[in-house]
Amino acid sequence: MSFSSLWRTSTAVALAAQMYESRDFSAMPVLADALQDAGCDNADILNHCRGAGGHVRGCWVVDLVLGKE
């Protein structure tokens, strides 16, 4: 999975870190918007963030944003 460092904006990282620490992933659609605003056009990433479903600590998108790849 290609993840551009340009997508790691302060907003995206702050959202991901908050979700990771609180284990509340309700802001995933907001993270998708932040990533898209940063230039992310990866459908897998954006669809995952906007999709219904249980996100948990260790979510691959949150890990990518936080550099835990």
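What follows is a short exchange about a predicted model and the terms used for it.

Reader: What makes up the secondary structure of the chain?

Author: The chain has four helices and zero strands. From the N terminus on, the order is α-α-α-α.

Reader: Why does the radius of gyration agree with a compact globule?

Author: The chain has 69 residues, and a compact globule with that number would have a radius of gyration near 11 Å. The chain has 10 Å, so the value agrees. The C-alpha atoms fill a box of roughly 25 × 20 × 20 Å along the principal axes.

Reader: What share of the contacts links residues 24 or more positions apart?

Author: That share is 58%, taken over contacts with a separation of 6 or more. As for burial, 38% of the 69 residues count as buried. The accessible surface comes to about 3,900 Å², and 49% of it belongs to carbon and sulfur atoms.

Reader: How far apart are the mean positions of the positive and negative charges?

Author: They are 8 Å apart. The chain has 5 positive and 8 negative charges.

Reader: How many aromatic pairs does a search of the whole structure find?

Author: The search finds one. The pair is Phe-3 and Trp-7.

Reader: Why is the pair of Phe-3 and Trp-7 called edge-to-face?

Author: Two values are needed. A pair of aromatic rings is described by the distance of the centres and the angle of the planes. The centres of Phe-3 and Trp-7 are 5.1 Å apart, and the cut-off for a pair is within 6.5 Å. Their planes stand at 85 degrees, and over 60 counts as edge-to-face. The pair is therefore edge-to-face.

Reader: Why are Phe-3 and Trp-7 called buried?

Author: Buried means under 20% relative accessible area. Phe-3 has 12%, so Phe-3 is buried. Trp-7 has 10%, so Trp-7 is buried.

Reader: What makes Ala-16 count as buried?

Author: Ala-16 has 0% relative accessibility, so Ala-16 counts as buried. Its place is in helix 1. Leaving out residues up to four places away in sequence, Ala-16 touches Val-62, Val-65 and Leu-66. Ala-16 and Leu-6 are ten residues apart in sequence, with their C-alpha atoms 15 Å apart.

Reader: Why is Asp-24 called partly exposed?

Author: Partly exposed lies between buried, under 20%, and exposed, over 50%. Asp-24 has 39%, so Asp-24 is partly exposed. Asp-24 sits in the loop between helix 1 (10–22) and helix 2 (28–37).

Reader: Which residues does Asp-24 touch, not counting those up to four places away in sequence?

Author: Asp-24 touches Gln-18 and Met-19. Arg-57 is 33 residues from Asp-24 along the chain, and the two C-alpha atoms are separated by 8.8 Å.

Reader: What is the phi of Arg-23?

Author: Arg-23 has a positive phi of about 60 degrees, although Arg-23 is not a glycine. Arg-23 also lies in the loop between helix 1 and helix 2.

Reader: Why do Arg-23 and Ser-5 count as exposed?

Author: Exposed means over 50%. Arg-23 stands at 56% relative accessibility, so Arg-23 counts as exposed. Ser-5 stands at 54%, so Ser-5 counts as exposed.

Reader: Where is Ser-5 found?

Author: Ser-5 is in the segment before helix 1. Gly-58 is 53 residues from Ser-5 in sequence, and their C-alpha atoms are 19 Å apart.

Definitions and conventions
Residues are numbered from 1 along each chain as its sequence is written. This is a predicted model: local features need pLDDT of at least 70, side-chain atom pairs count only at pLDDT 80 or more; totals for chains, interfaces and linings use all residues. Side-chain values use heavy atoms; hydrogens and water are left out. Helices (H or I, at least four residues) and strands (E, at least two) are DSSP runs, numbered from the N terminus. The radius of gyration is taken over C-alpha atoms; the globule rule is 2.2 Å times the number of residues to the power 0.38. Buried means under 20% relative accessible area, exposed over 50%, partly exposed in between (1.4 Å probe, protein chains only). Contact means heavy atoms within 4.5 Å. Accessible areas come from the Shrake-Rupley method with a 1.4 Å probe; for residues, only the protein chains shown count as cover. Lys and Arg count as positive and Asp and Glu as negative; His and the chain ends are not counted. The place of a charge is taken as NZ of Lys, CZ of Arg, CG of Asp or CD of Glu. Rings of Phe, Tyr and Trp (its six-membered ring) pair if their centres lie within 6.5 Å; planes under 30 degrees apart count as stacked, over 60 as edge-to-face and the rest as tilted.
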